[in-house]
Amino acid sequence: YSLPHLAHHRMKTTSSMGCDKGRVRSVLIATFTYAPDVNGVAEASSKCARALLEAGWKVDIATARSSMPRDENTLEGATIYEFDLADVLSDRFSHAAAIASYQAFLQRGSWDAIIFQGYQWPLQLAVPLLPVLGCKTVLVSHGYAALRWFPVSRFPFGLGQWARSVCKSVLMLKWAPHIDRW
């Protein structure tokens, strides 16, 4: 399916979401990277936002601060909310305030849908909230390499990171039912 097709399909099926006819639909795209960053996920997220904007949706973006500063908090009509969480999965302790800020942002939101672009921090930090968010959730996978071992020369040779990835993969069985579309 193309993004405009999915946006149109979602617009046609909003009665099942309890939405009022004629009301502007809203979506949050939760992505670890977004323009002006230049990479595949940032580009896919930007195209998704453009397609939804063209279909008449109100689009918000939750993302990490860009490596290239943004001039403003909107881009092509989408409102951008930045969080200092780029390396949060490797060091949650020093990011406690930013994690709480992101989770509070999700709880305050009133979107019709949240699109998680990948398995990174935007989804991982939302997992405890999935059952109570009150909107449709979509996971767009850009690949899944969690079960791949990346050896390093120092002990424990990358096995600790691999074991954490395996555990997260098993835990996915618990939260996966809360994702409406894959």
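**Close-up views of the predicted model**

Figure 1. Ser-26 has Lys-58 of strand 2 as its bridge partner. The model is predicted: local features require pLDDT of at least 70 and side-chain atom pairs count only at pLDDT 80 or more, while totals for chains, interfaces and linings use all residues. Residues are numbered from 1 along each chain as its sequence is written, and side-chain values use heavy atoms, with hydrogens and water left out. Strand 1 and strand 2 run parallel and are joined by five bridges; two strands are taken to pair if DSSP finds at least two bridges between them. Helices (H or I, at least four residues) and strands (E, at least two) are DSSP runs, numbered from the N terminus. Six of the seven residues of strand 2 are buried, so that this strand is mostly covered; buried denotes under 20% relative accessible area, exposed over 50%, and partly exposed in between (1.4 Å probe, protein chains only).

Figure 2. Six strands form an open sheet with mixed pairing, in the order 3-4-2-1-5-6. Strand 3 (74-75) and strand 6 (136-140) each have a single partner strand and stand at the edges, so one side of each lacks a neighbour in the sheet. Strand 5 (residues 113-117) runs parallel to strand 6 and is joined to strand 6 by five bridges. Within this pairing, Phe-116 stands opposite Leu-139 of strand 6. The protein chain as a whole contains five helices and six strands, which follow the pattern α-β-α-β-β-β-α-β-α-β-α along the sequence.

**Figure 3. Helices packed on the sheet.** Helix 2 (residues 40-54) lies across strand 1 (26-31), strand 2 (58-64), strand 4 (78-83) and strand 5, at about 175° to strand 1. Helix 3 (residues 96-108) also packs on the sheet, where strand 1, strand 2, strand 4 and strand 5 are touched, and the direction of helix 3 makes about 150° with that of strand 4. Axes are lines fitted to C-alpha atoms, for helices over the stretch in contact, and angles between N-to-C directions run from 0 to 180 degrees. Of the contacts in the protein chain between residues at least 6 apart in sequence, 57% join residues at least 24 apart.

**Figure 4. The surroundings of Gln-117.** Gln-117 belongs to strand 5 and is buried, with a relative accessible area of 3%. When neighbours within four places in sequence are left aside, the contacts of Gln-117 include Ile-29, Ala-30, Thr-31 and Phe-32. Val-41, Ala-44, Ser-45 and Cys-48 are also among the contacts of Gln-117, as are Val-140 and His-142.

Figure 5. The structure holds six aromatic pairs. Tyr-102 and Trp-121 form an edge-to-face pair, with ring centres 5.1 Å apart and planes at 80°. Since Tyr-102 lies in helix 3 and Trp-121 in helix 4 (residues 121-124), this pair ties together parts that are 19 residues apart in sequence. Both Tyr-102 and Trp-121 are buried. Phe-105 and Trp-111 form a tilted pair, at 5.3 Å centre to centre and 55° between the planes, and both of these residues are buried. Ring pairs link Tyr-81, Phe-83, Tyr-102, Phe-105, Trp-111 and Trp-121 into a cluster. Rings of Phe, Tyr and Trp (its six-membered ring) pair if their centres lie within 6.5 Å; planes under 30 degrees apart count as stacked, over 60 as edge-to-face and the rest as tilted.

Figure 6. Ala-35 and Pro-36 are joined by a cis peptide bond, with omega about 15°. Pro-36 lies in the loop between strand 1 and helix 2. Phe-155 and Pro-156 are likewise joined by a cis peptide bond, with omega about 10°; Pro-156 is placed in the loop between strand 6 and helix 5 (159-175). Phe-157 is found in the loop between strand 6 and helix 5 and has phi near 65°, a positive value in a residue other than glycine. With a relative accessibility of 37%, Phe-157 counts as partly exposed.

Figure 7. Cys-135 is buried, at 15% relative accessible area, whereas Cys-167 is partly exposed, at 48% relative accessibility. The count of disulfides is zero, a disulfide being a pair of cysteine sulfur atoms within 2.5 Å.

Terms used: Contact = heavy atoms within 4.5 Å.
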